[in-house]
Amino acid sequence: MLQGQKNSRQSQVTVGGMPTDYVRADSAERYGLSAQERKHSTAALLTVPVTAAVALGIHLFVAKNEPPNESRTYTIVLGSFFAGAIVAAIMQRWWPALQTRMRRFRPLFTVGILLLCVWEIITSGFRMLPLPYFPSPAGVVQSMINDRGLLFDSTWHSLVLLLSGYLLGVAAGLFTGVCIGWSSPARYWGMPLLKVVGPIPATAWIPLAMVISPSALISAAALIALAVWFPVTMLTASGISNTRASYLDVARTLGANARYLVFRIAIPAALPSIFVGLFMGLGASFLTLVVAESVGVKSGLGWYLSWAQGWAEYGKVYAALVIMAVFFSTIMTLLFKLRDRVLVWQKGMIRW
Amino acid sequence: MVASSLRLRDVGKSFPAPDQALTRRPVLETISISLEAGELVSLVGPSGCGKSTLLRLIAGLDFPDSGELLVDEEPISGPSAERGLVFQDPNLFPWLTVRRNIEAGLAARGLLQQKGSEVKEFMRLVALEAFADVYPHHLSGGMAQRVALARALINHPKVLLLDEPLGALDAFTRMRMQDEVLRLWQNRRTTMLLVTHDIDEAIYMSDRIIILTQRPGTIEQIIPIALDRPRDRSSSGFLSLRSEILELLHFAGNRRSRVTA
């Protein structure tokens with residue numbers, strides 16, 4: 001009868017204050033590891049350090065083809081991978097949380113390091129790809145380090161622009177979405193506008209935005225907001241108008257007024273749908289950010305990317321791509337974390 | 001506890017036919033019922049006879065085409081916290097914990113500050129204190145329905161409308177819940193109108209049973225239950241009432257003439 005509840009309580013208690021053995025068993029179970037798999041760990045433990053050592057060896061072997069500067073930097077990078085892997089392999093004996101995490105990510109790390117090896121072999125090793133378009137990993141790391149000031153600055157500018165545009169778009173989208181979803185006059189007038197204007201990609205407004213707006217930065221923020229506004233409005237409106245009628249009926253027989261119905265019933269009920277809109281909006285905002293920065297705005301990662309391309313410094317292009325990957329996926333992860341917090345009441349959610 | 005009387009005079013209600021927008025199908029016709037304050041009355045009838053529609057009219061969620069509905073001789077103008085409604089599906093708000101669900105009635109009326117202390121009492125009443133901070137998807141059907149009852153009761157409704165509240169429960173849970181509802185009713189003496197498919201439940205619980213005909217629903221018969229409480233489901237009085245009502249329901253409709261024989 002209460003199976004789910006009992007289980008979740010048990011695990012809460014376990015994480016709270018039980019002996020470490022207990023925690024270890026619990027987290028190992030969570031990642032689907034059997035007792036047998038846990039036993040075989042000594043050989044498996046060495047996978048990542050050995051792979052890192054192999055990568056280091058390959059690098060030192062092909063280093064003669066690379067500029068000494070880059071070579072030294074990349075040696076340090078791979079060396080610290082190796083050292084880190086060794087330290088982690090030793091530490092995990094006394095640190096169960098690290099152990100389960102390592103177990104989970106070992107195949108990923110191994111393959112990741114092997115891919116770096118392949119990259120280095122076909123670039124520095126055999127020179128199979130034309131320069132300057134395909135630099136070696138050492139070249140990319142070196143560009144990243146050389147240009148760290150500008151890269152940091154660009155990331156910061158992108159973050160400010162992205163957040164201001166995204167938050168503006170979310171606020172506007174939630175407002176229009178709730179109006180369209182709740183009131184039928186708003187739906188009558190709002191839906192046609194939404195249907196006609198919404199599907200236009202925000203970047204298509206760039207020519208117009210350049211003419212109207214006093215500054216490129218403001219117009220870029222407005223374009224990002226527009227890109228976010230459409231999916232957020234659409235999914236908020238559909239979430240609100242699909243609120244189960246019986247929730248509203250119950251609330252009305254409990255004495256709820258219109259304000260309570262909108263803010264305490266319809267909006268919470270629409271939250272799963274609203275979050276879908278927020279995710280779609282976030283994707284659209286990344287796209288619009290990069291395009292707007294490479295067209296009009298004179299700062300940010302998008303600008304850096306096209307600037308580096310203009311000078312044919314492809315090492316910097318890849319560096320910017322790596323930073324973008326980390327930057328965007330961090331923001332995406334934060335939104336997922338927020339959703340997991342807000343929607344704890346939902347059954348069976350997809351995890352990021 | 002204050003209860004209200006309930007009077008329905010010639011109430012009729014029709015809905016647009018699903019296929020033709022212009023014609024309307026009557027669902028209820030000339031329903032006249034009168035409930036004294038503190039009475040527990042059951043509504044029994046074939047499915048589709050408009051029992052739920054009748055409850056929605058009394059709750060104020062819908063309006064009748066004809067006739068009038070009076071609570072304490074005042075016409076019903078819309079939903080009110082004085083008339084609580086519990087559905088077959090508990091309809092708990094899934095985004096609120098058990099405690100917050102029960103509080104919802106107070107929160108909706110802005111009385112949480114004043115009357116927040118009562119929440120505990122109502123959780124005790126339905127024996128759910130241990131589950132205060134649990135989300136509804138962890139609850140079993142019977143527990144969820146108890147939360148729904150507590151949520152409706154916290155407003156101290158003068159009339160409690162129950163739309164097959166125990167219909168989705170298994171037989172044992174249902175019998176236990178019947179006793180719980182009876183206990184609540186005996187403690188609080190709220191006027192209760194219970195829609196049910198279960199004839200045993202109707203006989204076990206109510207002061208009177210109103211039997212409705214097939215659509216459009218009209219009143220077929222009103223049967224007073226004079227058995228002493230607590231009632232024995234296997235006593236001869238119980239069983240003879242049961243077969244009387246079964247017969248009524250079975251012949252209700254096109255072969256009505258044979259019932260009187």
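Two strands are taken to pair if DSSP finds at least two bridges between them. In this predicted model, strand β9 (residues 208-212) of chain B meets that criterion with strand β10 (residues 219-224) of chain B, the two being joined by 5 bridges. The strands run antiparallel, and a hairpin of 6 residues leads from β9(B) to β10(B). Within this pairing, B:I210 is placed opposite B:I222 of β10(B). As a rule, the side chains of a regular strand alternate between the two faces of the sheet.

The confidence assigned to chain B may be considered next. Its mean pLDDT is 86, with 95% of the residues of chain B at 70 or more. Among its elements, strand β8 (residues 191-195) of chain B has the highest confidence, at 93, whereas helix α8 (residues 236-251) of chain B has the lowest, at a mean of 83. Where pLDDT is low, predicted coordinates should not be read in detail.

For the model as a whole, the scores are ipTM 0.87 and pTM 0.83. The contact between the chains draws 24 residues from chain B and 19 residues from chain A. On the side of chain B that touches chain A, the elements contributing two or more residues are β6 (83-86) and α2 (98-108) of chain B. By class, this side of chain B comprises 13 nonpolar, 8 polar and 3 charged residues.

Definitions and conventions:
Residues are numbered from 1 along each chain as its sequence is written. Chains are lettered from A and ligands numbered from 1 in the order in which they are written. This is a predicted model: local features need pLDDT of at least 70, side-chain atom pairs count only at pLDDT 80 or more; totals for chains, interfaces and linings use all residues. Helices (H or I, at least four residues) and strands (E, at least two) are DSSP runs, numbered from the N terminus. pLDDT is the predictor's confidence in each residue, from 0 to 100. Two residues are in contact if their C-beta atoms, placed from the backbone, lie within 7 Å. Ala, Val, Leu, Ile, Met, Phe, Trp, Tyr, Cys and Pro count as nonpolar, Asp, Glu, Lys and Arg as charged, and the others, Gly among them, as polar.
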